[in-house]
Amino acid sequence: MRLIKTKDYAEASAVAAEIMAAQIILKPDSVIGLATGSTPCGMYANLVKKYQNGLDFSAVTTVNLDEYVGLPEEHEQSYRKFMNDNLFNHVNIKPENTHLPNGMAADPEAECVAYEQLINSLGGIDMQLLGIGHNGHIGFNEPSDHFVCDTNCITLTARTIEANSRFFDSPDDVPRRALSMGIRTILRAKRILLLITSEEKAEILKKAVYGPVTPQVPASILQLHPDVTVVADAGALSAL
Ligand code: PGA
């Protein structure tokens, strides 16, 4: 695991964008796994600037980690809308090469199987971007007694519902379920880029990096992956 220390959110966002851009320059047809949440917004803004300066997304394919169940694509809080607004609508990626699980699928279980097959048919993920939840979740893989392996329909914990309620009118509006890549799906990525900022994530970063590998801290499994780069700001590093 490589740890890149940055001073603040702006620098962490710039460094993460550099790493992502380098991946795309070295392999223009990369399959990139993407993440949503407040943490990667700055990184996406930097990638849009890089596109304006010549970074070419035309051969890139993306697969997102997760999507809420029951939110149509055009819903203000759907992850599809987040990705369109923050990245896809501003770069020359082909819309048909951008993939998220379909949270409106009539049969969520079948959608999970299809999503896993899609990732396999693309030859796997070259670089997966991750954020980390306050409870150590990656994607929507919540703390549990076991690691969920493949793309799965997940019931959100109260902590995640509370954390995500800041984007909704009220906690009651936060969907209770999401489709998420599983831990094995994530670990199969050739490279992982974990972006973590702010002091409120300091304790969970410490547990994930130095604590025991346990499904109670899903991000701790990243200790077993051979190519993880953590980009963290001073706040997130403050407990290490
Ligand atoms: P955040 O979410 O970037 O909004 O903190 C991260 C996550 O829950 O994975």
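Here are legends for a few close-up views of this predicted model.

**View 1**
Start with the ligand, which is surrounded by Gly-37, Ser-38, Thr-39, Gly-131, Ile-132, Gly-133, His-137, Arg-166 and Lys-201. Thr-39 has a side-chain N or O atom 2.4 Å from an oxygen atom of the ligand. For Lys-201, the distance from a side-chain N or O atom to a ligand oxygen is 2.8 Å. Arg-166 does something along those lines too, with 2.9 Å between an N or O atom of its side chain and an oxygen of the ligand. How much of the ligand does the protein bury? Taken alone, the ligand exposes 280 Å², and the protein buries 85% of that.

**View 2. Tyr-68 meets Tyr-79.**
Searching the whole structure turns up five aromatic pairs. One of them joins Tyr-68 and Tyr-79: the ring centres are 4.8 Å apart and the planes sit at 40 degrees, so this pair counts as tilted. Tyr-68 belongs to strand β4 (residues 66-68) and Tyr-79 to helix α3 (residues 79-86), so the pair ties together parts that are 11 residues apart in sequence. Are these two tyrosines buried or exposed? Tyr-68 counts as buried because its relative accessibility is 1%. Tyr-79 is buried as well, with a relative accessible area of 11%.

**View 3. Tyr-79 again, now with Phe-140.**
Tyr-79 also pairs with Phe-140, and here the rings are stacked: 6.1 Å centre to centre, with 10 degrees between the planes. This pair links distant parts of the chain, 61 residues apart. Tyr-79 is in helix α3, while Phe-140 sits in the loop between β6 (127-130) and β7 (152-155). At 2% relative accessibility, Phe-140 counts as buried.

**View 4. The aromatic cluster.**
Which residues make up the cluster? Tyr-68, Tyr-79, Phe-140 and Phe-168 form one aromatic cluster.

**View 5. A nonpolar patch on the surface.**
Now for the outside of the protein. Leu-3, Tyr-210 and Leu-240 form a nonpolar patch on the surface. Together these residues have about 310 Å² of accessible area. Where in the fold is Tyr-210? Look for Tyr-210 in helix α7, which covers residues 202-210.

Methods: Residues are numbered from 1 along each chain as its sequence is written. This is a predicted model: local features need pLDDT of at least 70, side-chain atom pairs count only at pLDDT 80 or more; totals for chains, interfaces and linings use all residues. Side-chain values use heavy atoms; hydrogens and water are left out. Patches are made of residues with over 30% relative accessible area and no salt bridge: like charges are joined within 9 Å, nonpolar side chains (Val, Leu, Ile, Met, Phe, Trp, Tyr) within 5 Å. Accessible areas come from the Shrake-Rupley method with a 1.4 Å probe; for residues, only the protein chains shown count as cover. A salt bridge is a side-chain nitrogen of Lys or Arg within 4 Å of a carboxyl oxygen of Asp or Glu. Helices (H or I, at least four residues) and strands (E, at least two) are DSSP runs, numbered from the N terminus. A residue is near a molecule or strand if one of its heavy atoms lies within 4 Å of it. A polar contact is a pair of N or O atoms within 3.5 Å; within protein, one must be able to donate a hydrogen and the other to accept it, and residues adjacent in sequence count only if both atoms are side-chain atoms. Rings of Phe, Tyr and Trp (its six-membered ring) pair if their centres lie within 6.5 Å; planes under 30 degrees apart count as stacked, over 60 as edge-to-face and the rest as tilted. Buried means under 20% relative accessible area, exposed over 50%, partly exposed in between (1.4 Å probe, protein chains only).
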